[in-house]
Amino acid sequence: MTGPHSNSVHVIGAGLAGSEAAWQVAKAGVPVVLHEMRPDRMTEAHRTDGLAELVCSNSFRSDDAANNAVGLLHAEMRRLDSLIMRAADANQVPAGGALAVDRDGFSAAVTKALNEHPLIEIARGEIAGLPPADWGNVIVATGPLTSAPLADAIRELTDENALAFFDAIAPIVHRESIDMSVAWFQSRYDKVGPGGNGADYINCPMTKEQYDGFVAALIAGEKTEFKEWETNTPYFDGCLPIEVMAERGPETLRHGPMKPVGLTNPHDPTTKAYAIVQLRQDNKLGTLYNIVGFQTKLKYGEQQRIFRTIPGLEKAEFARLGGLHRNTFLNSPKLLDNQLRLRAQPRLRFAGQMTGCEGYVESASVGLIAGLYAAADARGEALASPPGTTALGSLLGHITGGHIETIEPGTRSFQPMNINFGLFPPLASVPTKKPDGTRLRGNEKTVAKKQAMSARALADLDRWIADHLRIAAAA
């Protein structure tokens with residue numbers, strides 16, 4: 001890929017971050033070559049050759065821009081004409097207060113948009129090792145499943161081991177195999193979300209005896225063995241296997257994915273379930289549902305046996321069983337500059353999960369800003385970073401320098417991070433009164449603080465767009 005492509009931006013990896021980066025570069029009028037090794041070389045987690053394939057959950061989490069940090073990130077990305085958010089909005093399925101998508105429709109929409117853009121060339125094939133020297137503007141967005149030759153080349157370049165951990169995948173059940181005389185449709189607290197109606201989850205109730213038996217079975221169930229090179233790889237707390245949660249204490253699951261609050265069983269409204277398993281719609285047709293929070297390392301046979309003890313799932317047929325895959329990410333605060341460039345070789349810019357963000361939306365958002373930075377470089381311009389008061393800016397701050405290293409030899413404390421309000425700078429003044437002049441009390445103060453942070457973020461982002469970008473803010 002030399003010669004005619006030497007002035008193009010090269011994006012390696014066509015997952016969420018790479019797809020978004022390529023889109024942003026092309027939208028800025030700069031030619032881009034998007035490299036994807038699938039289907040020539042597949043990974044342990046991918047199943048198709050589609051771009052932006054979702055390999056874990058189908059949820060983009062909360063879409064509440066006023067009260068939730070990830071919902072705010074959604075809103076910011078929409079203002080920046082994000083392809084990932086456009087495809088998600090067009091392929092949403094009911095999920096209470098969350099934005100969940102039909103995964104096949106979502107991938108197809110992203111693939112179509114990138115294929116049809118005149119400035120984007122999609123090149124299939126693996127980049128084994130560092131990109132050619134005449135590629136002067138590269139975005140590496142190979143994600144948690146970066147191929148070994150490229151990972152080894154990066155490691156040699158940085159003289160630093162990539163930290164690895166495990167991501168887990170939850171099983172998917174055929175809707176028609178769920179016993180709805182036992183289970184029922186309801187969102188927690190009947191919350192209505194995008195494309196939903198307040199009854200967007202299937203709920204399976206458990207008595208204390210059933211729950212205790214289920215937890216015991218999870219702990220005793222036969223798990224997939226780690227390979228020798230995996231034995232010291234930790235889990236990421238945001239994606240723990242359900243059996244690992246169970247091992248942390250008998251009540252852990254009741255306060256996690258199996259909490260019974262905000263739900264009433266219409267089959268037996270006077271009896272409070274001790275625990276509840278929820279399933280979320282996984283495709284637009286509503287024929288597939290994934291078991292929420294049930295990432296697992298249990299062997300396939302054990303998964304079927306144990307999960308069929310859940311009331312309503314006794315005859316469950318599985319479209320996909322759970323699993324685990326190894327994940328890698330950089331020590332970004334040390335290795336990357338504030339525009340995501342590798343200090344050791346600045347022609348290489350990194351994006352997505354391998355920078356140390358966690359989650360679909362976060363990964364895509366880092367791809368978005370990497371694309372904007374790369375496009376500015378290609379035009380010989382300098383792009384100011386988004387304000388630290390925005391969700392995008394605060395996430396970048398964490399990745400590129402907002403983290404405090406633990407002073408302890410031989411360990412590294414930088415960990416993947418979901419967007420959260422704890423990454424935002426404090427408000428200049430915290431709200432103390434309601435619009436009617438009465439004082440805020442208790443939880444009202446927390447709600448008002450989040451809403452003020454969100455309002456500040458969107459106002460600051462709009463100013464940044466107007467001052468620095470050649471696009472109009474989307475409505």
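**Basis.** I worked with a predicted model, in which local features need pLDDT of at least 70, side-chain atom pairs count only at pLDDT 80 or more, and totals for chains, interfaces and linings use all residues. Residues are numbered from 1 along each chain as its sequence is written, and side-chain values use heavy atoms, without hydrogens and water.

**Strand β2.** I took helices (H or I, at least four residues) and strands (E, at least two) as DSSP runs, numbered from the N terminus. I found β2 at residues 32–36, with 5 of its 5 residues buried (under 20% relative accessible area; exposed is over 50%, partly exposed in between; 1.4 Å probe, protein chains only). Val-32, Leu-34 and Glu-36 point one way, whereas Val-33 and His-35 point the other way.

**Neighbouring strands.** I counted two strands as paired if DSSP finds at least two bridges between them. β2 runs parallel to β1 (residues 9–12) over 4 bridges, and His-10 stands opposite Val-33. β2 is also parallel to β6 (residues 120–124), with 5 bridges; here Val-33 faces Glu-121.

**Helix α1.** I looked up Ala-17, which lies in α1. It counts as buried because its relative accessibility is 4%. Gly-18 is also in α1, and it counts as buried because its value is 0%. Leaving aside neighbours within four places in sequence, I noted that Gly-18 is in contact (heavy atoms within 4.5 Å) with Val-11, Gly-13, Leu-34 and Ala-141. Under the same exclusion, the contacts of Ala-17 include Ala-141, Ala-351 and Gly-367.
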